[in-house]
Amino acid sequence: MNQPASSDAEKAPGDCSETLQELQLFLDGELPEGERAHVLAHIEACLECYQAFDFHAELKQIIAIKCRNDPMPGDLIGRIRQCLDDEPAEGATE
Ligand SMILES: [Zn+2]
C-alpha cells in the first residue's frame, strides 16, 4: 500500500524525447503497431508532444497535397510573367 506520492503518476507514459523520435517513423507509417499505440498513449497525455505531432502531421499533409498538385500554380507563373513583361527594360538604353 505504498503508493508513490510524486507527481510522476500524472505524467504521460513514456518519455518525450523517445516519443518525438518515434514521431517521424509514425508519420512515415514505419512504426510497428505496438509502438504506435505507445506514441498515441503519450501524445494523448502530453500536450507538448501532441502539438509537435499535430504540427508535423499537418506539415506532412501540406507537403503531400502540394506535391500531388502542380508544384507551381498556374496563377503564380502568370503573375511572374506579368511582372517580367511590365518591367521596363532599364539599363538597356545607352
Ligand atoms: Zn511528451
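The axes of helix 1 and helix 2 come within 10 Å and cross at roughly 125°, where axes are lines fitted to C-alpha atoms, for helices over the stretch in contact, and angles run from 0 to 180 degrees between N-to-C directions. Helix 1 is therefore oblique to helix 2; angles under 35 degrees count as roughly parallel, over 145 as roughly antiparallel, 65 to 115 as roughly perpendicular and the rest as oblique. The crossing of these two helices is left-handed, a term used if the near helix is turned anticlockwise from the far one by less than a right angle, with right-handed used if clockwise. From helix 1, the residues Thr 19, Glu 22, Leu 23 and Phe 26 meet Glu 35, Arg 36, Val 39, His 42 and Ile 43 of helix 2. Two residues are in contact if their C-beta atoms, placed from the backbone, lie within 7 Å. By class, the contact of helix 1 with helix 2 has four nonpolar, two polar and three charged residues. Ala, Val, Leu, Ile, Met, Phe, Trp, Tyr, Cys and Pro count as nonpolar, Asp, Glu, Lys and Arg as charged, and the others, Gly among them, as polar.

The structure is a predicted model, in which local features need pLDDT of at least 70 and side-chain atom pairs count only at pLDDT 80 or more, while totals for chains, interfaces and linings use all residues. Residues are numbered from 1 along each chain as its sequence is written.

The chain has four helices and zero strands, and its elements run α-α-α-α from the N terminus on. Helices (H or I, at least four residues) and strands (E, at least two) are DSSP runs, numbered from the N terminus. Of the 94 residues, 10% count as buried. A residue is buried if 20 or more other C-beta atoms lie within 10 Å of its own, exposed if 12 or fewer, and partly exposed in between, with C-beta atoms placed from the backbone. Among contacts between residues at least 6 apart in sequence, 60% join residues at least 24 apart.

Helix 1 also meets helix 3, and their axes come within 10 Å and cross at roughly 20°. These two helices are therefore roughly parallel to each other, and the crossing is right-handed. Helix 1 contributes Cys 16, Thr 19, Leu 20, Leu 23 and Leu 27 to the contact, and helix 3 contributes Glu 48, Cys 49, Ala 52, Phe 53, His 56, Ala 57 and Lys 60. These residues divide into eight nonpolar, two polar and two charged.

The largest nonpolar core consists of six residues, Leu 23, Phe 26, Val 39, Ile 43, Cys 49 and Phe 53. Helix 1 (16-28), helix 2 (33-45) and helix 3 (47-68) each give two or more residues to this core. A nonpolar core is a set of buried Ala, Val, Leu, Ile, Met, Phe, Trp, Tyr and Cys residues joined through C-beta atoms within 7 Å. Apart from its neighbours within four places in sequence, Cys 49 is in contact with Cys 16, Thr 19, Leu 20, His 42 and Ile 43.

Two residues of helix 1 were examined individually. Glu 22 lies in helix 1 and is buried, with 20 other C-beta atoms within 10 Å. Residues up to four places away in sequence aside, Glu 22 touches Leu 31, Glu 35 and Val 39. Ser 17, also placed in helix 1, is exposed, with 9 other C-beta atoms within 10 Å.
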